[in-house]
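I begin with the terms and then take the entries in turn.

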Amino acid sequence: MSSINMFGTNSSNRGAFLEATREAREERAAERRRDEAAVKVQAAVRGWLLRCSLHKQIREKFDELLGVEQGSFDQPPSLPPALDVFVEVTRFIKIFRLDKDNKRFEIFTRYLLASMDSENMKLNYVACGMNKELTLQWIQHMKDILIIACKLLESLQAEVSSENRLISLYLRLLLTFTATNTWRIVRMQNFEPLRPALNKLTENIMGDLVYRGLYTTLNHVLVRGLCRGKAALRGPAITTIVTLALRPLVAAQYSDKLLSLITIHILSVPALIHHLVSLASEALQMFHINELFERVVEFVQTEQNLRIIFNTLEGSYALCLLANLVHLAYEERNDALPKLAFPKFNFVVKRLLEKCAEYVTTKQSSLTQWHPVLGWFSRPLDQHLNESLALVKSQLQLLWSGCIIKVMLSSLCNLVADHEMQSHEPNSITGMTNSSTASAFSNIGSIAPSVLLKKALEHKLSSSGTVGSLRAGGLRYGSFRKLGSPAVSTVAMVCSMYHTAITTLSQLRMDILTGLCYKSDMVPQLWQVLLSLGTSCGLKSFLDLLSVSTKATAPEFHLLMLFCDSTTHLVTVLDDLEMYEQQKPFTLADYSAMASFLNMFTYKIIQNGLVDLSSFTHFTKLSNHPLFVSAHTLLMLLYKRNSRRSYVPDTHWLIKEVRVSTFMTDLEHGKKTAQVLMQKMPHIIPHRERVLLFRKHVNNEKAVIGPTDAACATPHSTLITIHRSRLVEDGYRQLASLSPQSLKGMIRVRFINEQGLDEAGIDQDGVFKEFLEETLKRVFHPSLNLFRLTSEERLYPSPTSSMTENHLQLFEFTGRMLGKAVYEGIVVDCPFASFFLSQVLGEQQSALYSSIDELPSLDPELYKSMTYIKHYDGDVSDLDLTFSYDEDYLGQIITHELRPGGKAVPVTNDNKIVYIHLMAHFKMHTQIRDQTKAFIRGFRSIINPEWLSLFSVPEFQRLISGDNVAVDLKDLRENTLYYGGFHDKHRVVCWLWDILERDFKEEERALFLKFVTSCSKPPLLGFTHLEPPFSIRCVEVGDDEDTGDTIGSVIRGFFAIRKRDPVNRLPTSSTCFNLLKLPNYQRKSTLREKLRYAITSNTGFELS
């Protein structure tokens, strides 16, 4: 046991000993590490202290040598020896810190510039570089100095006056040592042999500067100094920067590398050329001397170089580059631009626009910013861009200035002139375009005439057996051009560029179109080009090309779209004097031809399935096909203009190849093509068929609702009681609360006469028709002040209707009642002003709606006044007009401002167009906005707006008031019912029809129709559709004794029992039943006399 304990104790002691040994070893190692660390820290501190001391000594020696304040080195004695400075500054540069030594560097820079003006070799700093032992060191020394100057330039703010001066100082330093032309020593005769060597030396320094970011520095200075509310850089500084930018370019003999740098860093500075024009004309002249515009365009127009630029420049700065190039083109409009316009400059502009378009989105999101030129933009805008975009926009506007359009579209002018000249030579052949154009096509494959066009047309020609294909010369069919000929393709390319500008620069769209329309003859000239393509404006060629290129991206389509968009813009603002009287810029024959082409073109696009109809509904647009949108928009503008004042007959809009019966069958079966055609181009179908379709829509809805004419007594019908003396009040009280669904159903009316007794009604339909007609007659009467009459006796809402209690509710009720009349096919004689009907149809929501076009339908005299102002040759401000309108309201003059603060805004020549449109809008919209909204709300609660899209404004009026044609007596006679013993061969009946046909004038026939139906116009679909049917009753008793179609009245009427001629009785009518009550006259002359008196007295029931 003792031995075990002994061994156990020894083992324990041994472990403790080892542990103690290990700990001691670790402690010694830690001590060594602490000692080593202390040594290192001490060494670092001593080194730092030594360096601080050394730096301090260097700075002290620098200060001792050059001074600590901004001294004057103007006098040679004040300059220290150059070699001494070189030695000290070489040391100083190595310890230079931007935050501590910028003042010393400023002092050194001033010394350096002063020394360069010295002819004393000991004082001139360049002399150090001439020392063979120091040359390499001096060159590197100068490179380091200039790099420091660049860094300082990037840190300075030009808007601070003191820093602005430093910018000029360091720019001058860079300018001095990148060329020898300012070195005084070089101008000394004995140094002349050294000039080439010194030039090489500066080129070496300049090359290093470029490599180490000179252009980035210059870009930084320009952007921070110019892109602000007011430019902070002065003209000399800008000129210096331009000089510095051009020197490496010239030295490198305009290499692609340097052209790339100057394009990316200098020409992308927002509004640079604008500032050169206004602040540094000398710099602009340097651009001209070095042919920078030509060289940059030549450089950028190659696809590889474009990719380099696109990969470097963000979208907004690509836009700034485009703006500067456009401004340069404007400055070179008489020199370089005519040579470069097509195809090179045209191509560059188009590609830069396409680059910008890559960042444009169609809607707002969390990732987009609003761009005042491009719309919603997927890249953020920095502060400098925001402050410069107004100037950038003004630069871009030069692209559609008169002088640039003239140069860019010179090929269009030549093409039109050539066509006019050759139109006198019917057997001639289209000439070749000039050699420069031909070579341009071969050089720039990406913008050559459309290959798709060639394929499409050659396929069609070969399949039809026609000899020839598209060749360079462009042979004409007879005297017409081919769509793909070089001359036409050249024009198409330029049009494609402007079309791209319109789509990309979305916020400048109206400005671009205005420039193209009013600063050039482009629109009429493009029309001449289209006419030169054939009798139907190259319709077949366009369709053939579209069948191959369904996206319509070929330049030829851009030509057509540009023409459509520009013409739409132009025609929208043309007044009647310009369009119909002066016929500028198009004749009415031109509009006719234009309408024919567009009508057939848009029809064929849909009919041939050249647009995707799969997702089309009535509420969506074919916006995914811009070509269709452009052509259709212009087509509908021309159609609506013709509807307001015709320049072609109604049949002009029909498509002859459309078989109406087949079309209507397709429509009934839900065929998509027929549906889209009816929704987009209803006018291609005869008006009668569209009215039938409208009635079909109504009948289908009635079938769904339930009650029909035969079920008038069903519990689904509504019975209302109306006092004759309170017609409108009772009708409004009982019907206004009804749902639209109930109002569309059967309404039965029980009249209470003035004695408080029920009136007997023959049938419910007739009584309701009378109620409807009498109600509308009263609400439309001016005495109620809900509606007013124009000078042409047309109805429109009264601006002062608020004087009537509940006037808006009454307007809604009136809209519902008129809607009910149209719904039931009841024709009412209510002629509305066309401007009001166009609002009911919703046309005012169209971007093409023009208030001034509709103004004649409200106030022809005001329209004449507005037209006078528009065409006033002198200074409109002499007329003392302001943007306000004075109205006499109940003897009190109330001034309405047409725009905020309008009373203080004078009308001038610049804003007169805006004034007349605002005036028209105020009179026709603003004044009656609430009334119109209420009326439309009521009307559309009964009539589906989709159904109304079938009709134009005049057609809508005809739907309300009947057909505006002569009374068809034959049709009326064939659809007449007879009562009381009368029949079609009865003597009195024969006399009646003979008198109407032979003795009555057309006006009297209209009066007769109004006498018996309350409307002077026949139903749209003829008298077959008159409800109730027209009928004639023989009356042998007084009206108060007439109990209807009794056996006695029939016998007396048929056998003419009463032999005495009822000469004291007049014909009467019940317009609610379309019934003529005719006494059994014994003489034809008596009938003629009494009937004429009755219809001209505008009376009915009350005469007997």
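I take helices (H or I, at least four residues) and strands (E, at least two) as DSSP runs, numbered from the N terminus. I worked on a predicted model, in which local features need pLDDT of at least 70 and side-chain atom pairs count only at pLDDT 80 or more, while totals for chains, interfaces and linings use all residues. Residues are numbered from 1 along each chain as its sequence is written, and side-chain values use heavy atoms, with hydrogens and water left out.

Entry on Glu-824. I looked up salt bridges, defined as a side-chain nitrogen of Lys or Arg within 4 Å of a carboxyl oxygen of Asp or Glu. I found that Glu-824 pairs with Lys-820, with 2.6 Å between the closest N and O atoms. Both residues belong to helix H36 and stand four residues apart, about one turn of the helix. Glu-824 also meets Lys-702 in a salt bridge, at 2.7 Å from N to O. Because Glu-824 lies in helix H36 (residues 807-824) and Lys-702 in helix H32, this pair ties together parts that are 122 residues apart in sequence.

I then checked accessibility, where buried means under 20% relative accessible area, exposed over 50% and partly exposed in between (1.4 Å probe, protein chains only). Lys-820 is buried, at 2%.

Entry on Asp-994. I recorded a salt bridge between Asp-994 and Lys-1084, the closest N and O atoms being 2.3 Å apart. The pair links distant parts of the chain, since Asp-994 is in helix H45 (residues 987-999) and Lys-1084 in helix H48 (residues 1084-1096), 90 residues apart. Asp-994 is partly exposed at 22% relative accessibility, and Lys-1084 is partly exposed at 26%.

Entry on totals. I noted 50 salt bridges in the structure. A network of salt bridges links Asp-576, Glu-581, Arg-641, Arg-644, Arg-645 and Asp-853.

Entry on H31. I listed the buried residues of helix H31 (residues 672-680) as Thr-673, Ala-674, Val-676, Leu-677, Met-678 and Lys-680. Contact means heavy atoms within 4.5 Å. The cover of these buried residues includes helices H28 (588-607), H29 (626-644), H30 (660-668) and H32 (687-705).

Entry on H14 and H16. I found that Glu-303, Leu-306 and Phe-310 in H14 meet Phe-347, Arg-351, Leu-352 and Lys-355 in H16. By class, the contact residues are four nonpolar (Ala, Val, Leu, Ile, Met, Phe, Trp, Tyr, Cys and Pro), three charged (Asp, Glu, Lys and Arg) and no polar (the others, Gly among them).
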